[in-house]
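Welcome! Here is a friendly walk through a protein model, taken one region at a time. Please keep the sequence and the 3D view open as you read.

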Amino acid sequence: MARSKTRPAKAASTLDSSAARLRKIVLAEPEGALLGSEDTLQSMLGVSRTTVRQVARLLEREGLLRVKRGINGGYFGARPDLGTIEASVGAYLEMLNVEVEDLSMVASTLWVDAVRKACVADRAAAKALSVRFMPKVIALPESAPSNEVSTLEAECRTAIFNLIGSRYTELIFQINIAFSLRKIETLQPAQADTPEHRDFVRNWRKAKLMELEAIADGDPELGAMAARHNRNLLHKRFWGHTPL
């Protein structure tokens with residue numbers, strides 16, 4: 001009885017340690033590098049063929065491995081993209097029945113911090129970012145549909161995350177946004193070309209311009225206030241109330 005109880009734990013330990021070793025091997029090589037055949041991995045990891053295949057499936061799901069079959073086939077290192085990560089985490093969040101409003105509040109907090117950091121980033125790069133986006137925001141008409149506002153918001157957001165170089169914060173923010181947008185798509189879409197929508201676009205433009213001005217002027221407090229107002233506008237547009 002004691003022996004049968006220890007076997008699953010040992011098997012799990014072998015699988016986990018082999019997966020950890022293969023991750024290190026993959027990440028030490030350039031993306032797309034050929035790691036070898038199944039026999040090569042079996043020799044490299046010192047485990048059974050069955051374990052190699054289990055490890056390979058695990059790393060495939062993580063986006064770290066690609067398997068090609070045929071004459072020129074083999075195991076190739078890979079890197080997970082944002083879509084893979086969003087899908088995996090999104091499925092887990094779905095299983096947990098996470099409230100989208102909670103994710104939106106997390107995203108809002110991250111965004112306020114990102115804008116605050118952008119306000120104290122390299123001055124030349126910060127001003128160049130503001131000069132680049134201010135005319136686009138000003139030119140957006142009040143009758144612009146929500147998807148045009150979202151597209152411009154996303155472009156500006158990417159530029160700000162690039163400015164501050166905070167990849168981890170951007171990743172967490174994007175996961176939250178992607179999951180929220182997936183839920184929003186199941187709701188009744190907001191009506192465009194209405195007085196309420198034009199008010200939203202006009203107020204969004206003011207908040208976005210305030211964000212950009214704060215970044216250009218190096219004013220983190222104004223930037224944080226503008227970022228919070230911007231997120232509240234977007235949240236209210238989709239959910240009917242503000243998160244902060």
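## A first stop in a loop

Aspartate 219 has 30% relative accessibility, so it counts as partly exposed (buried is under 20% relative accessible area, exposed is over 50%, and partly exposed is in between, with a 1.4 Å probe and protein chains only). This is a predicted model, in which local features need pLDDT of at least 70 and side-chain atom pairs count only at pLDDT 80 or more, while totals for chains, interfaces and linings use all residues. Residues are numbered from 1 along each chain as its sequence is written, and side-chain values use heavy atoms, with hydrogens and water left out.

Where does aspartate 219 lie? Its place is the loop between helix 9 and helix 10 (220-239). Leaving aside residues up to four places away in sequence, aspartate 219 touches Cys119 and Ala214 (contact means heavy atoms within 4.5 Å).

## The overall picture

The protein has 10 helices and three strands (DSSP runs numbered from the N terminus: helices are H or I with at least four residues, strands are E with at least two). Along the sequence, the pattern reads α-β-α-α-β-β-α-α-α-α-α-α-α. Of the 244 residues in the protein, 38% are buried. Among contacts with a separation of 6 or more, 71% join residues 24 or more positions apart.

## Two helix pairs

Two packed helices are described by the angle between their axes and the distance between the axes. The axes here are lines fitted to C-alpha atoms, for helices over the stretch in contact, and angles run from 0 to 180 degrees between N-to-C directions.

| Helix pair | Axes come within | Crossing angle |
|---|---|---|
| Helix 7 (residues 146-164) and helix 9 (residues 195-217) | 12 Å | roughly 15° |
| Helix 5 and helix 7 | 9 Å | roughly 60° |

The crossing of helix 5 and helix 7 is left-handed (the near helix is turned anticlockwise from the far one by less than a right angle; clockwise would be right-handed). Here Trp111, Ala114, Lys117 and Ala118 of helix 5 meet Arg157, Ile160, Phe161, Leu163 and Ile164 of helix 7. These residues divide into seven nonpolar, no polar and two charged (Ala, Val, Leu, Ile, Met, Phe, Trp, Tyr, Cys and Pro count as nonpolar, Asp, Glu, Lys and Arg as charged, and the others, Gly among them, as polar).

Helix 7 also passes helix 9 in a left-handed crossing. Residues making this contact include Val149, Leu152 and Cys156 of helix 7, and Phe200, Val201 and Trp204 of helix 9. By class, the contact of helix 7 with helix 9 has 10 nonpolar, two polar and two charged residues.

## Rings that pair

How many aromatic pairs does a search of the whole structure find? The search finds three (rings of Phe, Tyr and Trp, the last by its six-membered ring, pair if their centres lie within 6.5 Å; planes under 30 degrees apart are stacked, over 60 edge-to-face and the rest tilted). The rings of tryptophan 111 and phenylalanine 161 have centres 5.7 Å apart and planes at 70°, so this pair is edge-to-face. Tryptophan 111 sits in helix 5 (residues 100-119) and phenylalanine 161 in helix 7, 50 residues apart. Both tryptophan 111 and phenylalanine 161 are buried. Ring pairs join Trp111, Phe161 and Phe173 into a cluster.
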